[in-house]
Amino acid sequence: MFTAKLQEGAIFKRIVDAIKDVVGNINMEIGPNGLSFQAMDVTHIALVTLSLTSEGFSVYRCDKQFPIGIKLPQLHKILKCSENNDSITLECESEPNSLKIIFESNKQERKSVFNLNLVHFDQESLQIPNTNYSSKVCLPSGQFTKMVRELAQLSESIKITTDKKQVNFSINGEACSGEINLKENPDTR
């Protein structure tokens, strides 16, 4: 049995919204310590790794480790039916065919229940080598998502570079080229 409740469901909605266009299908590992997945886009350029620990949920129970296959575009469509202040509960059995998704308003005057059919994806386990990165960038996910969406409308690829004082998002498409520079903000360290 698996149950996980996020009191602030908007967080989960934003996560799914941010990654649904990068990796469409995932095998999520669900276990007693939380849920996680690794997936690559179809071009094998972008790697998405997500780990949500059990402590991040207001309610969390998982009796054993097991995978569930999710089509993120379908999950995203279901999540659009919730309000931003709704709690979101995910539930399923240990060998599930579907994932139950429950939205509840704060005052519990409204409750919505959906069952997302699960699938099995053959995906190899990805091993990420230990890497020392030259930069660490902390950026609100909403700001990052907005910039990437806007630039993706102008070009098929976005180049992200960093130096000690800024991060640069640049495009070079058929119709135009351009860049967005974000300088270091000492107040957000």
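Which side chains, those of Arg61 and Asp63 among them, meet in a salt bridge at 3.0 Å, N to O? The side chains of Arg61 and Asp63 do so, and they are taken up in one of the legends below.**Figure 1. Overview of the predicted model.** The structure is a predicted model in which residues are numbered from 1 along each chain as its sequence is written, and local features need pLDDT of at least 70. Side-chain atom pairs count only at pLDDT 80 or more, while totals for chains, interfaces and linings use all residues, and side-chain values use heavy atoms, with hydrogens and water left out. The secondary structure comprises 3 helices and 12 strands, where helices (H or I, at least four residues) and strands (E, at least two) are DSSP runs numbered from the N terminus. Along the principal axes, the C-alpha atoms fill a box of roughly 50 × 40 × 35 Å. Of the 189 residues, 37% are buried, a term that stands for under 20% relative accessible area, with exposed meaning over 50% and partly exposed in between (1.4 Å probe, protein chains only). The accessible surface, from the Shrake-Rupley method with a 1.4 Å probe, comes to about 12,500 Å², and 48% of this surface belongs to carbon and sulfur atoms. Among contacts (heavy atoms within 4.5 Å) between residues at least 6 apart in sequence, 53% join residues at least 24 apart.

Figure 1. Leu79 belongs to helix α2 (residues 72-79) and counts as buried because its relative accessible area is 2%. Apart from neighbours within four places in sequence, Leu79 is in contact with Phe12, Lys13, Val16, Ile88, Ile101 and Phe103. In helix α1 (residues 9-19), the buried residues are Gly9, Ala10, Phe12, Lys13, Val16 and Ile19, and their cover includes β1 (2-6), β3, β4, α2 and β7 (87-92). Gln108 lies 29 residues from Leu79 along the chain, and the C-alpha atoms of the two are separated by 17 Å.

**Figure 2. Asp41 in the loop between β3 and β4.** Asp41 is placed in the loop between β3 (34-40) and β4 (47-53). This residue is buried yet has no salt bridge, and the nearest side chain of opposite charge, that of Lys20, is 15 Å away. The side chain of Asp41 is joined to that of Thr43 by a polar contact of 2.5 Å; such a contact is a pair of N or O atoms within 3.5 Å, in which, within protein, one atom must be able to donate a hydrogen and the other to accept it, and residues adjacent in sequence count only if both atoms are side-chain atoms. Not counting residues up to four places away in sequence, Asp41 touches Val22, Val23 and Ala46.

**Figure 3. Ser105 in the loop between β8 and β9.** Ser105 lies between β8 (98-104) and β9 (111-117), and it is classed as buried because its relative accessible area is 6%. Its side chain reaches the backbone nitrogen of Glu109 at 3.2 Å. With neighbours within four places in sequence left aside, Ser105 is in contact with Asp86 and Arg110.

Figure 4. The structure holds 9 salt bridges, each defined as a side-chain nitrogen of Lys or Arg within 4 Å of a carboxyl oxygen of Asp or Glu. Side chains of opposite charge can pair when their charged atoms come close. In the pair of Arg61 and Asp63, with 3.0 Å from N to O, Arg61 is partly exposed at 42% relative accessibility, and Asp63 is partly exposed at 45%. Lys64 forms a salt bridge with Glu95, and the closest N and O atoms are 3.9 Å apart. This pair links distant parts of the chain, with Lys64 in the loop between β5 (59-62) and β6 (66-71) and Glu95 in the loop between β7 and β8, 31 residues apart. Lys64 counts as partly exposed at 36% relative accessibility, whereas Glu95 counts as exposed at 70%.

**Figure 5. The salt-bridge network that includes Lys20.** Salt bridges that share partners join Asp17, Lys20, Asp21 and Arg149 into one network. Within it, the side chains of Lys20 and Asp17 meet at 3.5 Å, N to O. Lys20 counts as buried at 14% relative accessibility, and Asp17 is partly exposed with a relative accessible area of 21%.

Methods: Lys and Arg count as positive and Asp and Glu as negative; His and the chain ends are not counted.
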